Amino acid sequence: MRIIVDGKRCCGAGNCAAIAPEVFDQSPDDGVVILLRETPPPAFIPLVAEAADLCPVAAIKLIEP
Amino acid sequence: MTETIPSAYITEFPAARSSPFHPPRAYLRLQREQSVHRVTLPSGLQAVLITRHEDVRALLDDERMSADETVPGYPFLYAGAFESPLRGTFMRSDGEAHYRVRRMLSKDFTQRRAAALGPEVQAIVTGCLDAMERNGPPADIVRDLAFPVPSRTICHILGVPYEDREVFEANTRAMINTSSTKEQVQGAMGAILGYLDQLISRKEAKPADDMISRLIEEELKPGNLGRQELVTISLILLVGGHETTATMIGLGTFALLEHPDQLDELRRSPDLWPGAIDELLRHQTIVQNPIQRVALADIEVGGEVIRAGEGVLLVLEAANRDPAAFDDPDRLDVHRNARHHVAFSFGAHQCLGHALARIELQTVFRSLFGNFPALHLAVTPQEVPLRPSTVGLFGVDSLPVTW
């Protein structure tokens, strides 16, 4: 499982950083998503999937290997 | 395409709540029937009403939908209000025009920044609760806790002296009350704008460690923001930062007192609080005015078509009770994962301050019910004064309690 984030779409709401802080952070300059782990361990997948679902602008995509 | 709607459903918009804890039943009946309904608004305009969770989320994140109220077809709700105080601001802009400003503001509302404010919020809450204790029962939760906490917090962030709160608190209430006349809204807004204009001048001369000073240094001085734009943005943050959270604290306290089984669970298992905050946000959904948008193209929704140029109203309080998204949706259940609620809206305009709001709500409720284990209403539930459906945010005007 690989994660792709679209920083141009991101509105900086930070839902992802709240749900899965081990995987997502926010830029201190403009709140835009920072991807900490492109291929997170399997244990994180449910939270990453929830973060993708809750992203208000669908800026997080999960790619099957 | 179905365009005939039973007239019984369209005579009353906005529909009123029959219980303080449940959205108007009329919206939930519409939700069961079909995705798209057309209603006549008090303004005389017609609009599409969207109530299902899936549709609300999809349309709020659809680039064919505009938040720009100057686009013909924009669904103004009330007669005489065909121009909102937000016209031309980032909240009524799309795409880059919106993001240009939103990106300047986001850094002060990230998860980290909100979390870092935790101790400050706790100190503010403790101060309010100590005063409540000192002054002895009864107390009014709205006056003594719900307004002071978010008001002091946003003042701290922005660098607005809390001593000046009378200028913005009373005028804010006049601004968001949809039964205010256009002159009243403009007068109230003018008073706050004039105050903020002077405050910005003082900060230009003497910057401090606060958000308005930062925006002056980083955005106003280099020319990224105009001065009037900064004044308006400061107003939006000040108003948006206290009225919403205050309303949620008042109604949320009422809801928890009226659901003692849920409150008991929270007292037994404080770990449930973060989830309970989202469940309260979902269940109460104070934003009773629907989110207003206008379609820029034909959009298919649930087998029907919203036509380009039609106004669209997205009913958050109905979406948050959609059984397709939440099992047994009318039940307040602190064990539920309700994080996919749309109480903060959805799409690029989702509430900028949601992380801060969650911290404020959690700190208030934990401390209130922890410090006052015997807290209960000082009046009957029926005597609690409720706001009418014409006020943008549903809530209680006062909440008398004793202990």
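Trainee: How many salt bridges are found across the interface of chain A and chain B?

Mentor: In this predicted model, the rule finds 5 salt bridges across the interface of chain A and chain B.

Trainee: What makes the pair B:R57 and A:D53 a salt bridge?

Mentor: The side chains of B:R57 and A:D53 meet at 2.7 Å, N to O. The rule asks for a side-chain nitrogen of Lys or Arg within 4 Å of a carboxyl oxygen of Asp or Glu, so the pair qualifies.

Trainee: Which elements of chain A give two or more residues to the side that touches chain B?

Mentor: They are α1 (15–19), β2 (24–26) and α2 (45–54) of chain A. By class, that side of chain A has 14 nonpolar, 6 polar and 7 charged residues.

Trainee: What is the area buried between chain A and chain B?

Mentor: The value is about 1800 Å², and carbon and sulfur atoms give 39% of it. On the side of chain A, the residues that lose the most area to chain B are A:C11, A:L54 and A:P56, together 25% of what that side buries. The contact takes 27 residues from chain A and 19 residues from chain B.

Technical notes
Residues are numbered from 1 along each chain as its sequence is written. Chains are lettered from A and ligands numbered from 1 in the order in which they are written. This is a predicted model: local features need pLDDT of at least 70, side-chain atom pairs count only at pLDDT 80 or more; totals for chains, interfaces and linings use all residues. Side-chain values use heavy atoms; hydrogens and water are left out. Contact means heavy atoms within 4.5 Å. Buried area is the accessible area (1.4 Å probe) that two parts lose on being put together, summed over both. Helices (H or I, at least four residues) and strands (E, at least two) are DSSP runs, numbered from the N terminus. Ala, Val, Leu, Ile, Met, Phe, Trp, Tyr, Cys and Pro count as nonpolar, Asp, Glu, Lys and Arg as charged, and the others, Gly among them, as polar.
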